[in-house]
Every structure is written in C-alpha cells, then in structure tokens.
Amino acid sequence: MTFQSLMPGATVGIIGGGQLGRMLAMAAARLGYRTIVLEPQADCPAAQVANSQIVAPYDSPLALAELANLCDVVTYEFENVPVEAALMLANNVTVFPPAKALEVAQDRLSEKTFLNAAGIGTADFRAVDSQSDLEAALSAFGGRGVLKTRRLGYDGKGQRVYKGPEDSPAGGFEALGGVPLILESFVAFEREISVIAARGTDGSIACYDPAENVHLNGILHTSTLPATIGAETVKAAFSAAAKLLEALDYVGVIGIEFFALPDGSLIANEIAPRVHNSGHWTEAACVVSQFEQHIRAVCGLPLGDPARHSDCVMTNLIGHDMDDLPRWLAQKNTLVHLYGKAEARPGRKMGHVTSLK
Ligand code: AMP
C-alpha cells in the first residue's frame with residue numbers, strides 16, 4: 001500500500017490516553033496536526049492536550065469506526081491495543097506501526113521467537129504451560145532463570161526469579177496465576193541499555209544514542225546519556241534495531257531494551273512498538289524528540305536528525321517523588337515535564353525531568 005504524506009492540518013488518531021499519548025499529541029500540534037484520542041477514561045492525560053477524545057473502550061467497533069472516519073492515520077501509545085482492533089481499523093484507515101508489531105510484542109514467546117528469527121540474540125527461553133514444564137525448563141537452565149507471564153507483564157510485574165537449585169519450583173506455575181508463562185535463562189548483565197529507533201514510510205532509519213537505564217522496584221528510575229558502553233556495543237545496538245525495524249516493515253518509533261554483558265555483547269530483552277519512557281531524554285537533549293520523530297514517521301514526513309547535542313540524565317517522577325518538584329524547578333538546565341495526573345499514587349508515573357550536563 002502506498003501512503004501519501006500527510007500535510008499539516010491532517011488528523012492523527014491516538015489509541016491510548018496516557019502520558020505517551022499526551023506527548024505525541026503535543027508534538028503533533030507543534031507540527032500543525034490535529035489529534036483525536038481513543039481512551040475509556042475521560043479527561044485522561046492525552047485528552048487534556050488533544051483536539052478531542054472519543055471516550056470508549058479500545059475495542060469498541062463503533063468507536064473504531066468513528067476514529068477511522070475522523071482520522072487520516074491512526075497510531076497507538078501502548079502495546080496492549082487489541083490486535084483485532086488494529087486489524088479492524090486497518091481496513092479503513094492507515095495504522096502505523098503495523099498491527100504485526102503489536103502481535104509480536106504482546107507475547108514474550110512470540111517476541112523472543114521473532115527477535116531470534118531476525119538475527120537478534122535473546123536469553124534462552126522455554127514456554128511454560130504447566131508445573132511440569134516449569135520443572136523441566138528450570139532443570140535445563142541449572143535451576144536459574146526468570147519466570148514471566150507471557151502477556152500483559154510490565155514494569156517487572158508478573159515475574160519470579162529463581163536463583164539456583166535452592167529455590168524450589170514447587171507451586172511456581174500457579175503462583176503467577178496459572179496463565180501461559182515463559183522461563184528465560186538468567187542473564188548476568190553488567191548494565192541495561194535501550195535504543196529508541198525510527199523508520200519512515202520511505203524505509204529510512206534513524207537511531208538515537210543508547211541510554212543506560214536504572215530501574216527501582218521494577219520501574220524505570222533514570223536514563224543516562226551517554227551509556228557506559230563502547231563504540232562496538234553502540235554499533236551492535238543500532239544494527240539490531242535496524243534488523244528489527246526491517247523485519248517488521250515498521251513505520252514509527254520503537255524502543256528496544258538490551259542487557260549489556262561484561263564482554264560488550266548485547267542480549268535483547270524487550271521491544272515496545274511505541275515511544276518509550278527511556279527515550280524521554282530526547283525532548284531535552286536532541287533537536288527532534290522521539291515524539292516528533294514518531295509523528296513525522298506516521299505522517300510520512302522525512303525523519304528528523306536523532307543527533308544528541310548534550311549529555312543528560314532523565315529521572316522519572318514516581319508517586320511522591322512529586323514532593324521534590326520545587327528542587328527540580330530550581331535546578332539549572334533541567335526540563336520538567338508533568339503529565340496532568342491529579343493524584344500522586346505510589347508507583348504512578350507523574351512526570352519526568354531531564355537535566356543536561
Ligand atoms: P522485563 O519486564 O522483561 O523488562 O524485566 C524486568 C527486569 O527484570 C529487567 O529490567 C531486568 O533487570 C530483570 N530481568 C528480566 N529478565 C531477566 C533475565 N533473563 N535475566 C536477568 N535479569 C532479568
């Protein structure tokens with residue numbers, strides 16, 4: 001299918017109304033596009049800054065038909081958009097990134113299988129659909145591994161680490177809800193990095209520099225640029241990103257998380273077919289942010305320059321981290337970005353700050 005570039009004035013639909021949708025809508029507005037958000041929760045962070053909102057479930061056929069009718073292109077801000085909804089939409093309007101990316105990313109088993117087929121290394125893994133599968137898989141990995149739900153896991157939720165034969169597998173399958181699981185071999189990584197990359201409708205690819213990520217309680221805490229990795233590792237991350245984007249015939253921004261091993265080699269952990277929290281730094285340290293890059297890509301515009309003009313640290317403001325706001329506001333060379341969420345509940349992403357070095 002050929003896609004005509006959309007000129008400013010066109011309308012971009014965004015499925016999902018969280019902070020990522022909000023930042024996409026702001027970037028779209030800056031390029032002169034209109035945005036419509038599909039999200040069941042009224043007055044969500046994205047709707048506060050978009051042109052309008054359709055308040056309905058993501059899989060409502062009526063709402064999807066309305067969205068297709070009103071928009072020139074539709075994108076999404078989270079990877080758990082029902083694949084059927086994306087396919088239904090795609091009959092009537094262009095959907096970027098392609099529904100295939102959702103299908104691959106929604107299940108850790110298909111994700112790892114797809115990555116391996118594209119020539120990108122991951123941890124060893126086994127599907128675990130029963131307690132006896134778990135016991136067999138753990139014994140194949142010497143008793144060590146990370147057991148994860150295959151679907152709907154995020155921010156480290158739905159996981160259990162087995163440190164060695166002393167950790168009994170008894171009851172492990174049921175403890176994660178009796179749902180399909182995956183056991184991954186334990187990766188003794190040195191650091192965690194991620195790459196935010198984009199592919200345009202013309203097939204061009206742009207990669208932002210890898211960020212080094214630190215998590216706290218399973219949630220991203222900081223992303224630091226540059227990452228403490230060598231030039232060969234950076235090259236390997238870019239090469240993996242390009243392979244993945246091409247294998248998916250992708251259009252838009254994608255986030256890829258890697259484990260960096262002591263020898264500098266990389267193991268892909270997870271992909272997110274959307275803008276990504278570990279790419280928020282780009283709004284302060286690059287001329288074209290990941291959000292603008294995504295809007296450019298899905299509207300068929302040329303990709304922007306991903307070059308980084310400054311070193312920086314992005315820090316998430318989670319829950320009561322908001323108490324530190326006065327300190328961040330007083331800090332020089334610091335961009336504060338808040339998401340318009342009323343209540344600072346524990347674990348809730350309220351905003352982020354990026355300090356240039
Ligand atoms: P994930 O939900 O896959 O991003 O996993 C959450 C966190 O658990 C990661 O950021 C890692 O710190 C850790 N982790 C996940 N998988 C593995 C693995 N196979 N080996 C070692 N640590 C892991």
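Predicted model: local features only at pLDDT ≥ 70, side-chain atom pairs only at ≥ 80, totals over all residues.
**Entry 1**

I then checked for another cis bond and stopped at F96 and P97, which are joined in cis with omega at about -5 degrees. P97 is found in the loop between β5 (94-95) and α4 (99-105).

Next I looked at phi. D43 has a positive phi of about 55 degrees, although D43 is not a glycine. I place D43 in the loop between β2 (34-38) and β3 (52-54). I noted these spots because most residues other than glycine have a negative phi, and most peptide bonds are trans.

**Entry 1: domains**

How is the protein chain divided? I find domain 1 (11-95), domain 2 (124-184) and domain 3 (191-356). I took domain 1 and domain 3 as a pair. Their C-alpha centres lie 22 Å apart. The contact takes 20 residues from domain 1 and 19 residues from domain 3.

I wanted an area as well, because the size of an interface is often given as the accessible area lost when the parts come together. Domain 1 and domain 3 bury about 1800 Å² between them. Of that area, 68% is on carbon and sulfur atoms.

**Entry 2: the ligand shell**

I moved to the ligand. How many residues surround the ligand? I read 15, and the closest are K148, Q159, S185, V187 and E192. By class, the shell residues divide into 5 nonpolar, 5 polar and 5 charged.

Which domains each give at least three residues to the shell? I find domain 2 (124-184) and domain 3 (191-356).

I looked up side-chain N or O atoms beside ligand oxygens. For E192, the distance from such an atom to an oxygen atom of the ligand is 2.6 Å. E192 is also among the closest residues of the shell. For N269, I read 3.2 Å between a side-chain N or O atom and a ligand oxygen. For E270, the corresponding distance to an oxygen atom of the ligand is 3.1 Å.

How much of the ligand does the protein cover? On its own, the ligand has 480 Å² of accessible area, and the protein covers 86% of that.

Last, I asked which elements give two or more residues to the shell around the ligand. They are β7 (144-149) and β15 (266-272).

Technical notes: Residues numbered from 1 in each chain as written. Heavy atoms only, no water. Near = heavy atom within 4 Å. Polar contact = N/O pair within 3.5 Å; in protein donor to acceptor, adjacent residues only side chain to side chain. Areas by Shrake-Rupley, 256 points an atom, 1.4 Å probe, with all protein chains shown as cover. Helix = DSSP H or I, 4+ residues; strand = E, 2+ residues; numbered from the N terminus. Nonpolar A, V, L, I, M, F, W, Y, C, P; charged D, E, K, R; others polar. Domains from an automatic or database assignment. Contact = heavy atoms within 4.5 Å. Buried area = accessible area lost by both parts, 1.4 Å probe.
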